[in-house]
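Please read the text alongside the sequence and the model.

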Amino acid sequence: MFVSTAVAALALGVSQVAAHGGVLSYSINGQTYDGFKAYNSPTGQSSIQREWDTYNPLTSPTDANLACNVNGASLGSGQESATVAAGSKVTAYWNDWPHAIGPVMVYMAKCNGACTSSTPSSLSWFKIDEMGLISGTLANGTWGQGELIANNNSWTSTIPSYLAPGEYFIRHELLAIHTSNQPQFYPECAQLILTGSGSAQPSGSYLVKFPGAYSMSDPGVGIDVYSQPTVTNYTIPGPAVWQG
């Protein structure tokens with residue numbers, strides 16, 4: 001009985017892990033960077049990505065870990081950064097992503113000095129890319145996450161070419177809304193050292209904090225896509241995309 005119970009519990013755990021996920025690697029200027037390996041000790045790991053410990057989602061828009069997932073910590077001596085020129089493309093790769101309903105959002109944040117010693121929740125974030133409902137209805141249409149799945153579980157974004165050089169985080173976030181009125185947030189962050197001759201910096205309403213950018217009252221967060229069978233528009237949460 002104990003053995004069968006343990007096996008059942010293990011199987012449940014495996015199925016839960018397989019049901020979700022996150023960013024596993026990045027491709028930048030032809031170079032591949034492995035992500036942090038969730039469910040493994042950070043000791044001995046080296047990555048441009050910050051620590052994230054579980055494939056499970058964050059389910060509250062006010063979760064303290066919303067900036068870079070649980071727990072978003074620096075890897076210390078193993079923390080790396082990718083050097084990239086403004087205007088370059090960054091491609092993030094997920095596991096076999098299971099959720100086709102919901103938007104894809106990509107943010108950046110300038111660090112006050114070295115990103116390795118920065119706390120993500122204290123930074124001001126701006127959005128550089130997003131894709132919500134592309135066509136069709138809320139429940140049966142084509143979404144950004146469906147496009148991500150179709151593109152080999154990847155998403156490519158361009159860093160604004162006029163963005164000022166410095167150290168930045170890039171934050172990829174999938175917001176799965178296939179469960180009625182229960183959002184699922186999947187954020188992961190990586191560190192970049194941006195080069196170039198740009199001088200632009202976002203300001204004002206383009207800047208948000210995590211947590212703080214979203215609330216359950218946002219029409220794109222607390223939503224039941226199945227109760228609106230004919231609706232063909234969706235409001236992506238967060239600020240407008242900053243294009244420099």
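E130 is partly exposed, with a relative accessibility of 26%, where partly exposed denotes the range between buried (under 20% relative accessible area) and exposed (over 50%), computed with a 1.4 Å probe and protein chains only. The partner of E130 in a salt bridge is K127, and their closest N and O atoms lie 2.8 Å apart. A salt bridge here requires a side-chain nitrogen of Lys or Arg within 4 Å of a carboxyl oxygen of Asp or Glu. In contrast to E130, which is partly exposed, K127 is buried at 0% relative accessibility.

The model is a predicted one, in which local features need pLDDT of at least 70 and side-chain atom pairs count only at pLDDT 80 or more, whereas totals for chains, interfaces and linings use all residues. Residues are numbered from 1 along each chain as its sequence is written, and side-chain values use heavy atoms, with hydrogens and water left out.

The structure holds two salt bridges. Besides the pair of K127 and E130, the side chains of R171 and E173 form such a contact, with an N to O distance of 2.9 Å. R171 is buried at 0% relative accessibility, and E173 is likewise buried, with a relative accessible area of 0%. Side chains of opposite charge can pair when their charged atoms come close.

Turning to covalent links, a search of the whole structure finds two disulfides, each defined as a pair of cysteine sulfur atoms within 2.5 Å. The table lists both.

| Disulfide | S to S distance | Torsion about the S-S bond |
|---|---|---|
| C68 and C189 | 2.1 Å | -90° |
| C111 and C115 | 1.9 Å | about 95° |

The link of C68 and C189 is left-handed.

The disulfide of C111 and C115 is right-handed, because its torsion about the S-S bond is about 95°. C111 is buried with a relative accessible area of 4%, and C115 is buried with 0%. When the bonded cysteines of the chain are numbered in sequence order, the pairing reads 1-4, 2-3.

How many helices and strands does the chain contain? There are two helices and 11 strands, taken as DSSP runs numbered from the N terminus (helices: H or I, at least four residues; strands: E, at least two). Along the sequence these elements follow the pattern α-β-β-β-β-β-β-β-β-α-β-β-β.

The radius of gyration of the chain is 18 Å, which agrees with the value near 18 Å for a compact globule of 244 residues; the radius is taken over C-alpha atoms, and the globule rule is 2.2 Å times the number of residues to the power 0.38. The C-alpha trace spans about 60 × 45 × 30 Å along its principal axes. Of the 244 residues in the chain, 47% are buried.

Among contacts (heavy atoms within 4.5 Å) with a separation of 6 or more, 76% are between residues 24 or more positions apart. The chain exposes about 10,500 Å², of which carbon and sulfur atoms supply 52%; accessible areas come from the Shrake-Rupley method with a 1.4 Å probe, and for residues only the protein chains shown count as cover.
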